[in-house]
Structures are given as structure tokens and as C-alpha cells.
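Reader: Could you walk me through reading a chain contact and a strand pairing? I'd like the general idea, then the case here.

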Amino acid sequence: MASKEIRGIFCDVLTEEMAKDKRIVVIDADLAKCNGTMGLRKIYPDRAFDVGIAEQNMAGIAAGMATCGMIPFISSFTPFATRRICDQISVSIALAKCNVKIVGSDPGITAQLNGATHMSVEDVGVVRSIPNIVIYEPVDAEQFRQAMPQIINYDGPVYIRMFRKAIDDVFTAPDYKFDLFKADTIKEGKDVTIFATGIMVQETMKALKTLEELGIDAEVINIHTIKPIDREAVIASAKKTRAVVVAENHNIIGGLGSAVAEVLGEECPTIMKRIGIKDRFGQVGKLPFLQEEYEMTDKHIVEAVKEVISKK
Amino acid sequence: MGTAELRNIAKQIRYYTTDEIATLGVGHIGGSLSIADLLAVLYFKEMNVDPKNPNMENRDRLVVSKGHAGPAVYAALALKGYFPMEELKTLNVEGTNLPSHCDRTLTPGIDMTAGSLGQGISAAVGMAKASKILDNGARVYCIIGDGESQEGQVWEACMSAVQLKLDNLIVFMDYNKMQIDGTTEEIMSVANPAERFKAFGFNVYEIDGHDIDAIVASIDGAKQVKDKPTMVVLNTVKGKGISFVENALVDCHSMNFNAEQKAAALEELK
């Protein structure tokens, strides 16, 4: 069950925080209606504005404002918030140490009917290799609600890879406490570790039922902050289970799978398998079709788990 | 500060810029010398800045979007007292605070990192917008190159400066008509820049970029204009002040200096 659209949470938190903190500004590039920030313009007409379809300029304006002590949020769809403005993120934001929060919506295959041009298979890879930037991908409404104030309080650039619509709740415990720099262990287990991010966390939760029936005790860890990755959490779990599956809505090159492989390769080589887009471009389709097409369903996670366990 | 004194400051900026580059033996001499007069006016007459407190909150700001003019900006900053004159000798030396292209995290007084062309003017727009929101009266100055204006982002930034009614933003275009591969006319024309910026909605002046009084007058004019950003097209000479650098034409973008050339150049700037 989904409690609220993620973009709704985005707007709610900003509405509250902008009242408390006059430094926060919200800049859009003609996608405010899609990303949920349109309403802010009525409440904060001077601090929520549009720069038109000009993402490079949006990034630069935000960087300039950040040098004056402001905390700008800039938004677009993931490909245009990252690969299109890669150099602006690198030079004007990251190198210049500007406190800008970059929000990309519709990551990976979730762009659905907008198709290949709007599907970022490479955004995490692009941003991850730029120094001095945090990458966070929300899982559900509650996690994102807790993450936003921490992102605002963090003094430095953050890329938020935001699925914008309603998605099943995962973090429902009343005492759930989120930490931007610590991985979330959703279920402990001993046979295999599934590191998952974004919409693939919900897919992993579906896979758990089948795994249980197969007598496989899986550990599920959400790596919501892909950079800097929680190395300790990755190493500790891999040492315990000695078999790893990584599930992400991104090219298996450059994303979370690569990040986990880098840690494991250096610290405790472990058999692993990556679930994600296998170095292909996107295409139009509804999510269930695309998940089948790109082998990103709960079934594919189960198969990967069986494979890594057999190779232990 | 009067015209004669500002002329003298511009001369010193040229001298120390050349000393920095020629001591190292190579550097972006042409586009540094072309903006020396403007830097003299900005740092020694117009800008509300404090070299003892480079991060003063409500200060005026300068974004040198053509970041390769770093050496000239460093000479101006040192003369203004941001750091000791001797530090100018560290241009591009390993571990320096004075890199080829301006870096706000390294050099006191540098307001924005620039070097990847087209980006600084957007940051200047952001600073001017921030100053409006904060209502602190700060003015933002920005220097763009003519070759740089072939970058699409420059025009995105211009559209937004007009749309956001940033009358606290004054942009200067160093129209020296040359770039690395040839003249701007040969490579990709930006001819009639004043007309182009007028069409975008700017308040525009076109002046001799080496005329101190004209620079001062353009800034005075800009301060009177409401709801519009100002663009000042500076007709300049690339390499201005050193005859053999001027005569190198498009080859003066970045030049090597041997000991003999260094001596000749500094002699001419004395």
C-alpha cells in the first residue's frame, strides 16, 4: 500500500522547510507541474521560480545563489538533471563547492511512456564519478519524508534520484529512524544478501515470499545513499552471507551494482550478481512490461539469488 | 579614485599580469591584458569589497566567466591587498592558490569558479537573484568573452537575466574579436553583439574597453536603469599594452615567453 506520492512529500517538506528557512529556493525548468513544486510559487513567489527549458542555466543560477548562502533545489527528469548538465554539475556545483540539491525524477525505466530519451540508464554512473557529491535514492514516502530535512541540513551538493509517484510503503515501523549515511537493513538473513535501491526494494520485498518458500533466508539491505556508500554495512553483510545480489533501476554498469562490487573487490571478494538494465537503452512501455523486458522483476531476483548461492 | 589614478592602476595590473605569466614562461596573456582597464575600475572605484574580509556578506561580486583571465584578476586582487604581491609569482606552480582558471575555493576574492566557458554568467545571474531575495543592495558584475558567447548557455543566462529583471547585474563582453582558432568572424561570428543583447532585452552600451571614463560612465548609466540588466560591449584589443603581443593577433591567446621577451614586455609596460 502506498501512503502518498513521493512528489507530494517533496512539496510538503519544502513548504514546511521554506517557511522556517529563508535560504531555501526552488528552481524548475518547465517541469514544476510534473515534479510537484508548482504550488510553492503561490506561497513563496520570490523563492520558487522557473528558468524555462534551460537546465544548464538552472544549474549555474543555483550555484551562484549557493555562493550567497542560499540552498537551491533544482529539478528535472533524471537524464536532463544529470547527463545533460554533467559539466555544470562538475564545475559550477561540485568543484566550486556549491550547496545545491539536484532532483531528478522518473529514474531508469520509470519514465515509462516517455521512452528512451527520458530514461536515464546512466545518471548514477555520471554523477557517482564526480567528486564531492552525495547520491540518494528514496524508497518510500516515510523514508523520503525523513530524508529531506537531513539533505537540507547537509552542507554540500546532493543528487536525489526521485521516483515521483505513489509506491508501496516499506518503512512502516513507528520507530523507523532514517540516517542519510547509513544503509537500512530491512530484514536480517544468513544465506544471501540482497542490496537494493529505489523501486527495486519493493521488488525485493515481493521476492522474499518465494525465497522463504524455497527455504532461503535472505538479508535485505537498502542502500539508499549510493554515494558515499555505507562500506561497513556492505562488508559486514557480505562476510556473513558470502553471496550477494544487487538490484537497481539503472544500468548494471556504473550504478549501485558497480559501487558494491568496488567495495567487495577491495575488502572481501564475494560471488555476486547484478539485477538492473543490462547495458541497453530504454524504450516506451508501462512499468510491468519494462520490468519483464529488462529482467527486473521479483522472479529475476529469485533466480539471481539461487545462482549466487549455488556458486558459494 | 580619479581617471589618472585608475589609468595608473590599469598599467600596474598589466605589468604584474605580464610578470606572472612571463615568470612562469607561458600563459593566457591576450585575454588577460584586454580586461585590465575594466578590472581597475571595478576593484578600485566601483565594487563594495573588503580585501581584509573577502567573504563579507553583502559585498558586490565579480564573476570572471572567461576564467582564463585569472592572471589579470590575481594582479588586481594582489594590488587591492587580498594577498601579498609576492604570491603572484606562484601562478600555476604546483600547489598554488592561483591556478590558470579562477577557483573560488582557492583564491581569496574570487567569487566563482570558472573556466568551462559559458557557466560563469549563469552563476552571476544566480548571485544577482539572491541579492534581490536577500534585499541587500549588492551588485553583481560579470565578464564574458566574445568567443565564450558561442556557448549556448550564455544566451540561456541572458534570457533569464532579463526575465528576472536583474537591474543589479552588469555584464561586460570583452569584444577583442579573437579566439584560439582564428578571429571570431572566421570561426563563428558574434558580430553586432550590442544589437543581439538589445534584442534580448538588455540595457546596452558599446564603448572603447580601454577608455576608463567610458567604463565608469557605463556603470553609472546601468545604476540608473530599473528592471533591466545591463550589457556593456567593450571594444578591446587582445594583448593590449605590449606591442609584440598585440601584433601576434590570434596567436596571443596563450603565449610562451623567454627571458628576452619578458624583459621587453615589462619595459614597455613600465
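Reader: How many residues does the contact take from chain B and from chain A?

Author: First, the ground rules: this is a predicted model, where local features need pLDDT of at least 70, side-chain atom pairs count only at pLDDT 80 or more, and totals for chains, interfaces and linings use all residues. Residues are numbered from 1 along each chain as its sequence is written, chains are lettered from A and ligands numbered from 1 in the order written, and side-chain values use heavy atoms, leaving out hydrogens and water. Contact means heavy atoms within 4.5 Å, and here 23 residues come from chain B and 24 residues from chain A.

Reader: What area is buried between chain B and chain A?

Author: Interface size is often given as the accessible area lost when the parts come together. With a 1.4 Å probe, summed over both parts, that's about 2000 Å², 60% of it from carbon and sulfur atoms. Gln119(B), Ile133(B) and Glu156(B) supply 26% of what chain B buries against chain A, more than any other three residues.

Reader: Which strand do 5 bridges join to strand 3 of chain A?

Author: Two strands pair if DSSP finds at least two bridges; strand 1 (residues 24–28) of chain A runs parallel to strand 3 of chain A, with 5 bridges. Strand 4 (residues 101–105) of chain A is also joined to strand 3 by 5 bridges, again parallel. Ile74(A) is the bridge partner of Ile27(A), and Ile102(A) is the partner of Ile74(A).

Methods:
Buried area = accessible area lost by both parts, 1.4 Å probe. Helix = DSSP H or I, 4+ residues; strand = E, 2+ residues; numbered from the N terminus.
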